[in-house]
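Me: I have a model open and would like to talk it through. Can you take my questions as they come?

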Amino acid sequence: GPAVRAVKGHAAPETLHAFSLARDLIDENTSMPEQMRVLYGLWGVQYARGEHEAGRAVAEQALSRVAGTADAEPQALANRLLGETLWAMGEFVKARHHLERAIDFCGADQPVTDLRFSLDHKAGALSFLGWTLWALGYQERAHAVAAEALTLSSHVKHAATTAMALSGLLLLSQFRRDARELGERADALASHCAEHGIGLFGIWGRFSQGLVRSWNGDPLPGIEAMRVTMEIAERVYADIFRPMHLGFLAEAYACIGERERARELLDEAIARAAKTSECYFEAELHRMRGELLLAHDEAAAEASFDRALSIARRQNAKSWELRAAVSLARLWRDRGDNDQAKDLLAPIYSWFTEGFDTPDLLVARALLDEIRFA
């Protein structure tokens, strides 16, 4: 499995075949480290391919296998795998529980990870916990734990672990829509992966470099860079993050006036998220669709914003809920429904206890002030 993965790639059919055969051979007599190695390998293929229902089943199998064991490493790994899958599926509360358990099993001392077959469990869990906390509305804590993952990776001195930690901070910059910060982090990740020959994480770094160009007012080369990296990912069967990437690509096409192409890409992103259960970005995709439709079909835009709100509330995703509420409240404000806009936006803004200097909360505060003094 690891040999095929190194040659063919994390998500290649040959890698899936090797680890699937290995899973058929493990039983209660197989040593725990070997069982975890096989299940981790199979889960990794399915995660990279965006096959989250299948990955969840493998992660749950791993968690059942470690029940009752006193060994910290398999416990940390099993909880990490399930937590990462639950994050991808938009089940943020459950994801937080398992990621925090994974971190607890690693303890405060040197993390317990066999780095021949994995990346550091604690650094990986911290990175995903950062994304999870951001969605749940804890924006300052999200940055703190993602930064902790990068600090830990500098002590571990393991190239794949560092790539994961750099990706943890990079995605937070994407979620925050901070172009300057994202540019720095995309360059750092792309450079690190090029130096160490790390393929999958490097693709995400180069995609983000294209996204930054689009956000900075240079959409044509940005579109080209994003498309090239998405095509590379598709060739190696790596579909993780594809719904989000399609959404960002759609926004770039909208910037150059290709609104129909943008709508098609957003519809594809939403359909893919539903098919693969990759739902961590689902609310934002519907909000982005609403913004695209706003100039030509206000009723359809309002329906998309409302759908984004519904998804975010179901996921307990306060950060996505706030952003959707801002879009919908702005629409209502513009047509004169100030009381309705305030009643929507004020309660969700008041929920937050941190991150008041972050872009989303600054925008929400400014909009509330406009509505109140209108």
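Me: Which side chains does Glu251 meet in a salt bridge?
Reply: In this predicted model, the side chain of Glu251 meets that of Arg177 in a salt bridge, at 2.8 Å from N to O, where a salt bridge is a side-chain nitrogen of Lys or Arg within 4 Å of a carboxyl oxygen of Asp or Glu. The pair links distant parts of the chain, 74 residues apart, with Glu251 in helix 13 (residues 242-255) and Arg177 in the loop between helix 9 (159-176) and helix 10 (179-196). Helices here are DSSP runs of H or I with at least four residues, strands are runs of E with at least two, and both are numbered from the N terminus.

Me: Before I go on, what are the ground rules for numbering and confidence?
Reply: Residues are numbered from 1 along each chain as its sequence is written, and side-chain values use heavy atoms, with hydrogens and water left out. Because this is a predicted model, local features need pLDDT of at least 70 and side-chain atom pairs count only at pLDDT 80 or more, while totals for chains, interfaces and linings use all residues.

Me: Back to Arg177: which residues are linked with it in a network of salt bridges?
Reply: The network links Arg177, Glu251, Glu284, Arg287, Glu291, Arg323 and Asp360. Arg177 itself is partly exposed, with a relative accessible area of 28%; buried means under 20%, exposed over 50%, and partly exposed in between, with a 1.4 Å probe and protein chains only.

Me: How many salt bridges are there in the whole structure?
Reply: A search of the whole structure finds 34. Among them is the one between the side chains of Arg56 and Glu91, at 2.7 Å from N to O, which joins helix 4 (residues 52-66) to the loop between helix 5 and helix 6 (92-106), with the partners 35 residues apart. Arg56 counts as buried at 17% relative accessibility, whereas Glu91 is partly exposed at 23%.

Me: Different spot now. Is Thr85 buried or exposed?
Reply: Thr85, which is found in helix 5 (residues 72-88), counts as buried because its relative accessibility is 1%. Leaving aside neighbours within four places in sequence, Thr85 is in contact (heavy atoms within 4.5 Å) with Trp43, Tyr47, His52, Gly55 and Arg56.

Me: Which residues have the most contacts inside the largest nonpolar core?
Reply: That core has 97 residues, and those with the most contacts inside it are Trp87, Trp131, Phe175, Phe201, Phe241, Phe281 and Trp320. A nonpolar core is a set of buried Ala, Val, Leu, Ile, Met, Phe, Trp, Tyr and Cys residues joined through side-chain atoms within 4.5 Å. The largest share of this core, 10 residues, comes from helix 7 (residues 121-136). Apart from it lies another core, of 25 residues, among them Leu309, Leu345, Leu368 and Ile371.

Me: What does Trp87 touch?
Reply: Not counting residues up to four places away in sequence, the partners of Trp87 include Tyr47, Phe128, Trp131, Phe175, Phe241 and Tyr280.

Me: Last one: how many helices and strands are in the chain?
Reply: The protein chain has 19 helices and 0 strands, and buried residues make up 55% of its 374 residues.
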